[in-house]
Amino acid sequence: MRSVAIALAASLVLVLAACGDDTPDPTDAPAGGMRGTVTEGPQCPVVVAGSPCPDRPWHGTVRVSATHGDVVREVETDDRGRFEISLGAGSYEVLAVTGPERMSTGAPQTVTVVEGEWAEVSLLVDTGIR
């Protein structure tokens, strides 16, 4: 009786494995995708010669969406505003996600990823300081 139960369980596993989704997953890709930095600025209302006011690294969520709008991945930037997302070949929209509690805004960029290569991206989050 026990061998019959084991045989049925093994058969069920094989049937379920055969019923997998054939749709390619853009995150199942060889080394390659999108990486870059996110900065926020301006940091000062007026930049004066001799007193630089550089943009700062931005820490937050970077969202990558497919061209038809579905969110593919979200990652957090590190303390230096850097991020890296493994992706398959295709065209994506990338955006620094800023919420309503922040005064800053981020503009989306369209990025094309070539299979096995890294697309470099620089995003700017506008602080609204003028």
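Is Gly60 buried or exposed at 9% relative accessibility? In this predicted model, in which residues are numbered from 1 along each chain as its sequence is written, local features need pLDDT of at least 70 and side-chain atom pairs count only at pLDDT 80 or more, while totals for chains, interfaces and linings use all residues. Side-chain values use heavy atoms, with hydrogens and water left out. At that accessibility Gly60 counts as buried, where buried means under 20% relative accessible area, exposed over 50%, and partly exposed in between (1.4 Å probe, protein chains only).

Gly60 is placed in the loop between strand S2 (56-57) and S3, strands (E, at least two residues) being DSSP runs numbered from the N terminus. Although Gly60 and Glu76 are 16 residues apart along the chain, their C-alpha atoms are separated by 5.4 Å. When residues up to four places away in sequence are not counted, Gly60 touches Val75, Glu76 and Thr77, contact being defined as heavy atoms within 4.5 Å. Thr77, in turn, belongs to the loop between strand S4 (71-76) and S5, and with a relative accessibility of 2% Thr77 counts as buried. A polar atom of the Thr77 side chain lies 2.8 Å from the backbone oxygen of Trp58. Beyond four places in sequence, the residues touched by Thr77 are Val38, Trp58, His59, Gly60, Val62, Arg82 and Phe83.

In soluble globular proteins, nonpolar side chains tend to be buried together. With neighbours within four places in sequence left aside, the contacts of Met34 include Val64, Phe83, Ile85, Leu87, Tyr92, Val94, Val111, Val113, Trp118 and Val121; Glu84 is also among them.

Four salt bridges are counted in the structure, a salt bridge being a side-chain nitrogen of Lys or Arg within 4 Å of a carboxyl oxygen of Asp or Glu. One of these joins Glu84 to Arg35, with the closest N and O atoms 3.5 Å apart; because Glu84 lies in strand S5 and Arg35 in strand S1, the pair ties together parts that are 49 residues apart in sequence. Glu84 is partly exposed, with a relative accessible area of 46%, and Arg35 counts as partly exposed at 29%. Arg35 also forms a salt bridge with Glu120, the closest N and O atoms being 3.0 Å apart, which links strand S9 with strand S1 across 85 residues. Glu120 counts as exposed, at 59% relative accessibility. A further salt bridge is formed by the side chains of Glu74 and Arg63 (2.5 Å, N to O), with Glu74 in strand S4 and Arg63 in strand S3, 11 residues apart. Through shared partners, salt bridges join Arg35, Glu84 and Glu120 into one network.

The structure also holds one disulfide, defined as a pair of cysteine sulfur atoms within 2.5 Å, and this bond joins Cys44 to Cys53 with an S to S distance of 1.8 Å. The torsion about the S-S bond is about 90°, so the disulfide is right-handed. Cys44 is partly exposed, with a relative accessible area of 26%, whereas Cys53 is buried, with a relative accessible area of 15%.

Notes: Helix = DSSP H or I, 4+ residues; strand = E, 2+ residues; numbered from the N terminus. Polar contact = N/O pair within 3.5 Å; in protein donor to acceptor, adjacent residues only side chain to side chain.
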